[in-house]
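Let me put it on the screen.

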Amino acid sequence: KDFSLSNEKDAHASDSDENSERGNWSNKGDYLLSMVGYAVGLGNVWRFPYLTYQNGGGAFLIPYTLMLAFAGLPLFFMECSLGQFASLGPISVWRILPLFQGVGITMVIISTFVAIYYNVIIAYALYYLFASFQKVLPWSDCFSWADEFCSKTRLVSDCNTTLGGDIIHANYSFITSNNLTCMNGTMNYKPVQFPSEQYWNKVALQRSSGLDETGNIVWYLALCLLLSWMIVGAALFKGIKSSGKVVYFTALFPYVILIILLVRGATLEGALDGIEYYIGRQSNITKLMEAEVWKDAATQIFYSLSVAWGGLVALSSYNKFHNNCYSDAILVCVTNCATSIFAGFAIFSILGHMAFVSERPVSEVVDSGFDLAFVAYPEALSKLPVSPLWSFLFFFMLLLLGLDSQFATIETLTTTIQDIYPKVMKKLRIPITLGVCILLFLLGLTCVTQAGIYWVNLIDHFCAGWGILIAAVLEIIGIIYIYGGNRFIEDIEMMIGKKSRLFWLWWRLCWFFITPVLLMAILVWSLVTFSPPTYGSVLYPAWGTAVGWCMIIFCVIWIPIIAIVKIVKAEGSLCQRIVSCCRPAANWGPYLECHRGERYSHVIDPKKEKEHEIATVSGFVY
């Protein structure tokens, strides 16, 4: 009888792959664009430009670049190297340090939470994309859905004026009816909302008064959410073999749109004012003396590069063993940061024009996050000639930026399943991928109710914050201080070749000292400055904040649980058990035997181990 394992290939794998079991990227371009698409996301467009403006303009690029060098790039290179060396996903890769396997589980759970709400944001972009197919943009004016507070311009409520030689204070209706004029600097304005703001809240979201008022499922957002999951499922039906081709469009075309928006924005009146607010004469070098600026720079770099989410490990695990992950890490990180800076010019040039048209200072039209993407920028686009075209391009760009990040997030989950159940994934990759998408779609329906935006904000506030920081801190401590930074460097050299001590000086400095200290500082700062979640002026109920804490606890509780389980299962005294769990597992090392060399010649081959088990059970002697 033949007791060998099935030779059936996964959809991931092809005959030309180095790793015929797990598969490899078809070519390096697939990998690099997938990494760029994963790292470059919505935050590059809707958060970085605002942070730059808020933190001293061009001066902010100094701490931003330093944080890239000291925190972002070292972690990015570490995770790329880790995944490529072992050819394993974010959970199984912790054979390197079994005691910390819970860190990998935390990463995967957080990625699951993020995948749920991130696709809801993509659904918002889809909704606005479809809404742009109209001759007149529906948020360009106060239409039937608007209330009495809706106005395209600021409305003066009262001011000072001169009457009979005396200065009086009067309401604006009295002043206009008597052909008087307001004195400069004395005008008070009515609290009005622009059409785009009311459209976002009243039409797109049908937003309720708070988390307590769930309301109904907004059917058109639910359909957009379904469509976004269908797109993700279709792109991933063959894993990296299909998603690696899709990203040639989803990762590159946003740059085409950014260039188009920048060229159009730069030709508009007031564009220069917007760009000056972003990075010009408003630059304030004294801002660098404020700790908050450095914290914002470190946090933005950290989240922008998507480190500690598990995705970098998962995507890199499909590389060929001798791929130059060092140059890849530098290229992707620099591309990501350059994209953020470039996007700022495209955003602020058009916001500057909006300020010019509405006769307001740029500071009053600048915003970040949802308010920038779905209120301020759509408002600015509605004032341009052929506004539906520019609106379509902008939301199509948001859609693409979101999709390729989502592809990598879901690939992280399916890679985890593949590592745990490889034989099942070989036979049922498509059903399992579709099942993951369907399950996450159903879980995301809560986020497309009338209270959905509050849930999206709550998950983002808790799960995408401390959980990732905790995972990153433990990751670098575990690999550098317990597994051994010098041993890890030797592992990397097995892939990219021997390097000089001078080459590794910078990386040792960062991995052993600077990066852990920075991560700990960000984590402590985040905890000390914690404030309950809010959405605009809406406060969350106490139970909502409690749910947020429960989510983050659920994400990180696996770290101590798995550590305890590993210690209990180990043999010997307590100290011996802990020491045993801090050593690499017997099957840790390069995935393929041909890459192990003398350093890992002792590694147990999982395939041969399984064959031996089957033969032994059947009474055969190998």
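Let's start with the link between Cys159 and Cys182: the torsion about its S-S bond is -70°, and the link is left-handed. Cys159 sits in strand E1, residues 156–163, while Cys182 is in the loop between helix H6 (172–177) and strand E3 (188–189), so this pair ties together parts that are 23 residues apart in sequence. The S to S distance here is 1.9 Å. Both Cys159 and Cys182 are buried. Please keep in mind that what you see is a predicted model.

How many disulfides does a search of the whole structure find? The count is 2. The other link runs from Cys142 to Cys150, with an S to S distance of 2.0 Å. Its torsion about the S-S bond is about -85°, so this disulfide is left-handed too. Are its two ends buried or exposed? Cys142 is partly exposed, at 26% relative accessibility, whereas Cys150 is buried, at 11%. If you count the bonded cysteines along the chain, the pattern comes out as 1-2, 3-4.

Cys337 is buried, with a relative accessibility of 6%. Cys575 is exposed, though, with a relative accessible area of 59%.

Ser340 is found in helix H14, which covers residues 325–357. Its relative accessible area is 0%, so Ser340 counts as buried. Which residues is Ser340 in contact with, once we leave aside its neighbours within four places in sequence? The answer is Asn44, Phe48, Tyr64, Tyr278 and Ser304.

With those details in hand, let's zoom out to the whole protein. Its secondary structure comes to 24 helices and 5 strands. The radius of gyration is 27 Å, close to the 25 Å that the globule rule gives for 622 residues, so the protein is as compact as a globular protein of that length. For those of you thinking about box dimensions, the C-alpha atoms fill roughly 110 × 50 × 45 Å along the principal axes.

What about burial and contacts? Of the 622 residues, 57% count as buried. If we take contacts between residues at least 6 apart in sequence, 82% of them join residues at least 24 apart.

Finally, the surface and the charges. The protein exposes about 25800 Å², and carbon and sulfur atoms supply 64% of that area. On the charge side, there are 40 positive and 44 negative side chains. The centres of those two sets lie 8 Å apart.

That's my tour, and I'm happy to go back to any part of it on the screen.

Key. Residues are numbered from 1 along each chain as its sequence is written. This is a predicted model: local features need pLDDT of at least 70, side-chain atom pairs count only at pLDDT 80 or more; totals for chains, interfaces and linings use all residues. Side-chain values use heavy atoms; hydrogens and water are left out. Helices (H or I, at least four residues) and strands (E, at least two) are DSSP runs, numbered from the N terminus. The radius of gyration is taken over C-alpha atoms; the globule rule is 2.2 Å times the number of residues to the power 0.38. Buried means under 20% relative accessible area, exposed over 50%, partly exposed in between (1.4 Å probe, protein chains only). Contact means heavy atoms within 4.5 Å. Accessible areas come from the Shrake-Rupley method with a 1.4 Å probe; for residues, only the protein chains shown count as cover. Lys and Arg count as positive and Asp and Glu as negative; His and the chain ends are not counted. The place of a charge is taken as NZ of Lys, CZ of Arg, CG of Asp or CD of Glu. A disulfide is a pair of cysteine sulfur atoms within 2.5 Å.
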